[in-house]
Amino acid sequence: VLDIRKLYGQSGKFTYDPGFMSTASCQSAITYIDGDKGELLYRGYPIEQLAVQCDFLETCYLLLNGELPNKQQKDTFTNTVTRHTMVHEQMQFFFRGFRRDAHPMSVLVGTVGALASFYHDSLDINDPAQREISAIRLIAKMPTLVAMAYKYSIGQPFVYPRNDLSYSANFMRMMFGNPCEEYKVNDVLVRALDRILILHADHEQNASTSTVRLAGSSGANPFACIAAGIACLWGPAHGGANEAALNMLKEIGTPENIPDFIAKVKDKNSGVKLMGFGHRVYKNFDPRAKLMRETCYEVLNELGLQNDPLFALAMQLEKIALEDDYFVSRKLYPNVDFYSGIVQSALGIPVSLFTGIFAMARTIGWIAQWNEMIADPEQKIGRPRQLYIGAPRRDVPSIDKR
Ligand code: ACO
């Protein structure tokens, strides 16, 4: 590699750091993670306090503006978000263009990107007021789009947002209500959804957030950037993990099968991973996983599913893995997605929509990070270098000599 570099006379120095293992791609004042301590702070506030004392929209306000809202600021913000929950009627035609069995993430990549074609009045990224209204639109419309993707997939009519409900209650109604009946809100389930959203709201420079920043660094509009983030989130090593973790639990089936499954995970040739375990930054525990496990208890109790076999299996699997040297020596602990699939399932959310819920939650993190980047006067286009390992310079042979 070095010879080829000399050959080409590549000048200057740069680091070769696949996977950005030790490269900070930006500075940010939004989210702090201490992987060794298992600590997660949004704007300095511990996730454990936010998850208990705040709702999702207060968390959004905090991430976007840097401070928690007072009562009046919270009411104004909530009203503003609420006023933007509707999507343009034309959006229905976008949905109708998809196959009914399309994966909701592909529908979201398409429809969120399409929002740019409806909001020409907020595409000037150099205007802070336009950036703000784009952020509000995205936070407000994501639940509507996710619920529409679901309703379309099951052939039911779309349910329009109802603005007297909280953010999470409105989403539950758009998902599980129908236009002909009153929807009965269950506060425990709504609170559980709100907690899922808070826990997934931001996580500093993860793959999808870095994707949003990189896309945004070229000056692309915010709707296109968030669509790029959704595409990245879809992968099983990232947001797709909650879906993969639940499928894994179903595949294991019963506790007797755990040892065989763990043996498969340890066999590097099997390609099998313990989904919902491990994290690039948390090497002690993921504080979100603990809160999610608590929420799991609350939801299953509320629904009378205390003996839910998948939950029992998950706890057993966690216990066995945490006593196993393979996982201990590699510092592999359950991450937030290990339990979030069980909670979402109990809420009635289909497995294929789990990552869509994650996208709905992470939209605030993406847009707050995008906004922070654009507002930075030193912002530059993201343009990583590479170590070239291909052929040295050569001449093109004529076709009869190839
Ligand atoms: N199951 C089994 N072994 C694992 C797992 C796992 N889930 N995760 C990591 N390992 C092993 C690796 O094989 C490697 O072993 P080795 O040292 O013998 O080669 C070692 O642990 C270190 O793992 P890396 O792959 O280097 O860790 P990295 O930081 O690159 O990966 C990741 C982190 C992608 C999250 C990984 O742990 C993983 O794939 N986990 C499963 C998917 C998952 O749950 N993703 C959700 C992440 S959280 C989120 O997005 C909200």
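**View 1. The largest nonpolar core of this predicted model.** Start here, with a core of 109 residues. Within this core, the residues with the most contacts are L108, V146, I226 and I230. Let's pick out V146: leaving aside residues up to four places away in sequence, V146 touches L108, L353, G356, I357 and M360. In soluble globular proteins, nonpolar side chains tend to be buried together.

**View 2. Helix 10 packed with helix 11.** Two packed helices are described by the angle between their axes and the distance between the axes. Here, helix 10 spans residues 207-216 and helix 11 spans residues 222-233. Their axes lie 8 Å apart, at an angle of about 150°. An angle over 145 degrees counts as roughly antiparallel, so helix 10 and helix 11 are roughly antiparallel to each other. Their crossing is right-handed. To find where they meet, look in helix 10 for A207, S208, T209, T211, V212, A215 and G216; the residues they meet in helix 11 are A224, C225, I226, A228, G229, C232 and L233.

**View 3. Helix 14 and what covers its buried residues.** Which residues of helix 14 are buried? They are P287, R288, A289, L291, M292, R293, T295, C296 and V299. Their cover includes strand 2 (39-42), helix 2 (47-53), helix 9 (187-199), helix 15 (309-322) and helix 17 (336-347).

**View 4. G304, following helix 14.** Now take a look at the backbone here: G304 has a positive phi, near 70°.

Conventions
Residues numbered from 1 in each chain as written. Predicted model: local features only at pLDDT ≥ 70, side-chain atom pairs only at ≥ 80, totals over all residues. Buried ≥ 20, exposed ≤ 12 C-beta atoms within 10 Å, placed from the backbone. Helix = DSSP H or I, 4+ residues; strand = E, 2+ residues; numbered from the N terminus. Contact = placed C-beta atoms within 7 Å. Core = buried A, V, L, I, M, F, W, Y, C linked by C-beta atoms within 7 Å. Axes fitted to C-alpha atoms, helices over the stretch in contact; angles between N-to-C directions. Parallel < 35°, antiparallel > 145°, perpendicular 65-115°, else oblique. Left-handed = near helix turned anticlockwise from the far one by under 90°.
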